[in-house]
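I would like to walk through one model with you, chain by chain, and then come to the places where the chains touch.

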Amino acid sequence: MKNKEPLILAVVVIFSLITYYLVEPYAHHVMHKHVESEHFAYADLPALDKTGDATRGQELVVGAGACTGCHSIEVAGMPAAMEPQMAAASYGVNPPDLSNAGVVYDEKFLAQLIKNPAHALKVEHKFTEESGKMHPMAQFFGAGGDIDQEAADMVAYLKSIALKAEEVTPKIAFENACGRCHAMSYENWTQMGEKPSFKDKKDELAFDIKVLEYQDSLKAYMGKLPPDLSMYIRSRGEHFVSTLMENPQSQLEGTAMPRVGVTAEMAEKVIEHMKDSGDTKRAERESVGMNVMIYIIIFAIFALLWKKQVWRDLH
Amino acid sequence: MAHFTKATSVKDWLNQRLAIDKVEKVMMSEYWIPKNINFLWAMGMVLVITFALLLVSGIFLLMYYQPNVDTAFYSVNYTIMRDVDFGWLWRHVHGVAASVVFLIIYIHMFTGIYYGSYKKGRELIWVSGMLLFVAFSAEAFSGYMLPWGQMSYWAGMVITNLFSGGSLHADGLVEWIRGDYVPAQAFLTRFFMLHVLLIPLAILGLIGLHFGALRIPHVNNQEGEEIDFDKEAKKYLAGDKAGSKVMRFANDFMSKDMMVVGIYLIFFFYLVFWNYGFAMDAVNFDPADGLKTPAHIYPEWYFLWSYEILRPFSIDIGLIAFAFAQVIFVLLPWLDRSPNTVPANRRGLFAIWFWVMLVNLIVLTAMGKLPPEGIFSQIGFVSAILFIVQWLMLPFITMFEKKV
Amino acid sequence: MGKAFGAVAGVGAIASLYAMKKSWDPLPSVRSAGFTTLDLSVYKENELVTEKWRGKPIFVLKKTADMVAKQTDAQKARDIEVNGAHYMVCIGLCTHLGCIPAYEPAKEGFLCACHGGQFDYSGNVTKVPPPRGFDIPPFKIEGNTLVLGEAGPEYTKMKENGITL
């Protein structure tokens, strides 16, 4: 009698694969908009063709540019003027400390941000003339010289004080790029910074209240509270998170989220940190997986040999 | 009272009290299996192994899971996935097995339909099997509630709303099922109870019934041949192993079961470690939010076909069609009027009926997931009608089937 | 061959027992919570304060000058001395069957309500049934604070001298 098993197996496998293809790759392809990565090139922003001078940049940052009126620069000995929740009440969100802005953000993006924040951040839809609202970060109209040169100088200064790219940990990248709007509770992160451990319940509640106040300001500024990112790497996936950072409008049209403006290298670090929160066991999964596969193949081979031996007498 | 003698060995002691030799014969060495079967007959063992994996992984998840609306999501995604050593492994095994078990159930079911293994004394096997399908569906659904993510919450909302009965507006019934106006604490705790206690108990009982119903009629074979098991068994026991048409369940068929299980487990663990996304939907990694429905909401893949039968119609007709789809498979032994217990390929029109049914269920499954817009909506509608028509036609096309 | 297959399957079962055992272990978050820091400057003389360490009550008693002056060597051996002050720091569970004894400041001693065991102000047994004095948790002196859960040299010495288990 002819052995029908290969044919039957083929039928079972083909029908299973067709079903899988239709409900997984195909259905998700239809349901979700596909956004190509632009590799963090920021092609819409003008190239930075002037060579910046860090010394002049420093003068501008603390002087005519008036950056330090709102921003702290901890590494240069300029601490924040007020507590984060107070700053958020004034500006909607706590203006970032600029210590590492020069390494986390793309230089083209930074220069544009100085000259025209709403445009660089791709949030012009929120600050139209009809809305009557102004972006909380004031535009820099120049200190009397060539504005492009002045912006380049300031960028050069920010780069000169920042950490080197390889010294930036995934955590630092995340805190700079996302951490003032998004909490990450599984990593103990709030929009105000890391939550300390309190011995006294009263101190803890006082801290929590400050966070709630901060969140209220943020909610008023953004329209709703930006989500906690603890599990985002599992709920959205790497590609979505990466393209969203690059250009939030491409994934979520009309969103209040500003363009993050990080370099490609920093985007990878941000994603690494999100994996450290939402997919901590990925390395163990790989190694345990390999061992289990090796074992199960041996198991199957022994089962096959046993079957062959038992069935030798049956034919 | 039975007569007991001083035992000569532990085995003898047990034998006098439990008749283990006899049980071993009835269940293992003299449980005769036709030789004329293929690997599809090993799906029962594959299901047993998958169920065992679900049970063991479930026990470890149960040690850390917290059935509380405030902590459930955290206990799953933080405690189990990050804190507990190998907690992630139990969750992945549990989630993937819960999905794959349905693939095997469907293969098992369609094997039965193809070879006519629900006829002539095997009706109870079919009915208990379909009851197991219902119990597994309830188990899968209640388990899906437990991580308390967005999909858990909204699936809970939508499925319990089915019980309002459309125009009947039985909202009281829906609230009774939920224990609240919306899925909330009472809902989560009772579905937790159903998932870890009541339904597993029912499944264990039904598995016993399913196995018991199989023992006397014996398993079918791939040619629909009527085998005289007593005669063939004598032949086997007399030493003519090769000439007999039957073999022992253990170790003869068991060795093949294990071979199939081995190959299956390679596939299974590949999914557990590298391709688990299909069984652990990304949307469910967002915590439940009763004020925001996800953009795309769909059941797990194994419910899609019946979901699609509900979707294209207006609410009342949809619910009736849905109810029809849930019960109709159980009635198969009585809807099939044919006198033949042979593979479908030798049954004329029934062969066409079988393949159309299978393909149509896959189409329904695909349309159930795709957004109900444009062409997908129309295909879904036609498929749903076809499904119902096929079942209505079944008694007529089988009634006139010639005896082969 | 059947036996060989059985052996392979057995190895798999045993390997999975390893994962099961690990899943029963105390969680990392439980382990990391196993340290408690006490600020010793806040305690008052002859006033018992009960702190908590790994879910257990910890008795902290600052001794008065009088108590220090009159105590025997056996009592002195259990003292924790920080900046000239003497403290009794013990796990506040009766070594008989684990009840929490009460301190009576006037009598300068502990009485366990369960079976009548008594301890002095250093934690030594003065009346059976308890088999030994209060156990002393692993501690480390850091300036004016005491870290419970970490074994410092003073604790190691006590342990070596058999003063605590």
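This is a predicted model: local features need pLDDT of at least 70, side-chain atom pairs count only at pLDDT 80 or more; totals for chains, interfaces and linings use all residues.

Chain A contains 14 helices and two strands. Its radius of gyration is 27 Å, which is well over the 20 Å that the globule rule gives for 315 residues, so chain A is more spread out than a compact globule. Taken along the principal axes, the C-alpha trace of chain A spans about 95 × 50 × 40 Å. If we look at contacts in chain A between residues at least 6 apart in sequence, 75% of them join residues at least 24 apart.

The domain assignment divides chain A into domain 1, residues 1-31, and domain 2, residues 32-278, and the C-alpha centres of these two domains of chain A lie 47 Å apart.

Let me stay with chain A for one helix, α9(A), which covers residues 201-222. This helix has 22 residues and reaches 31 Å from its first C-alpha to its last, close to the 32 Å expected at 1.5 Å a residue. Which residues of α9(A) are buried? They are Tyr214(A), Ser217(A) and Leu218(A), and because they cover an arc of only 100 degrees around the axis, they sit on the same side of α9(A). Part of what covers these buried residues is α3 of chain A, residues 84-91. On the face of α9(A) turned away from the buried side we find the exposed residues Lys201(A), Lys202(A), Leu205(A), Ile209(A), Leu212(A) and Ala220(A); you will notice that Leu205(A), Ile209(A) and Leu212(A) are listed there along with Lys201(A) and Lys202(A). After the helix comes Gly223(A), whose phi is positive, near 95 degrees.

Now to chain B, and to its contact with chain A. The contact takes 41 residues from chain B and 39 residues from chain A. On the chain B side, α4 (72-83), α5, α11 (249-274) and α15 (349-369) each supply at least two residues, and the largest share, 13 residues, comes from α11(B). By class, the side of chain B that touches chain A divides into 27 nonpolar, seven polar and seven charged residues.

Chain B also has a contact within itself. Its domain assignment gives domain 1, residues 12-297, and domain 2, residues 304-404, with the C-alpha centres of the two domains of chain B 23 Å apart. Here 19 residues of domain 1 of chain B are in contact with 16 residues of domain 2 of chain B. The elements of chain B that give two or more residues to the domain 1 side of this contact are α5, residues 87-115, and α6, residues 123-145. That side of domain 1 of chain B has nine nonpolar, seven polar and three charged residues. So that we keep the two contacts together in mind, α5 of chain B is named both for the side that touches chain A and for the side of domain 1 that touches domain 2.

That leaves chain C, which has five helices and eleven strands. A compact globule of 165 residues would have a radius of gyration near 15 Å, whereas chain C has 21 Å, and its C-alpha atoms fill a box of roughly 80 × 40 × 25 Å along the principal axes. Buried residues make up 26% of the 165 residues in chain C. Of the contacts in chain C with a separation of 6 or more, 47% are between residues 24 or more positions apart.

How many residues of chain C are in contact with chain A? Seven residues of chain C are in contact with eight residues of chain A, and the chain C side consists of five nonpolar, two polar and no charged residues.

Finally, one residue of chain C, Glu150(C), which lies in the loop between β11 (145-148) and α5 (153-160) of chain C. Is Glu150(C) buried, exposed or partly exposed? It counts as partly exposed, because Glu150(C) has 16 C-beta neighbours inside 10 Å. Leaving out residues up to four places away in sequence, Glu150(C) touches Phe35(C), Pro138(C) and Lys140(C). Glu150(C) and Met20(C), by contrast, are 130 residues apart in sequence and 29 Å apart in space, C-alpha to C-alpha.

Methods
Residues are numbered from 1 along each chain as its sequence is written. Chains are lettered from A and ligands numbered from 1 in the order in which they are written. Domain bounds come from an automatic or database domain assignment. Two residues are in contact if their C-beta atoms, placed from the backbone, lie within 7 Å. Helices (H or I, at least four residues) and strands (E, at least two) are DSSP runs, numbered from the N terminus. Ala, Val, Leu, Ile, Met, Phe, Trp, Tyr, Cys and Pro count as nonpolar, Asp, Glu, Lys and Arg as charged, and the others, Gly among them, as polar. The expected span of a helix is 1.5 Å times one less than its number of residues. A residue is buried if 20 or more other C-beta atoms lie within 10 Å of its own, exposed if 12 or fewer, and partly exposed in between; C-beta atoms are placed from the backbone. The arc is that of the directions from the helix axis to the C-beta atoms. The radius of gyration is taken over C-alpha atoms; the globule rule is 2.2 Å times the number of residues to the power 0.38.
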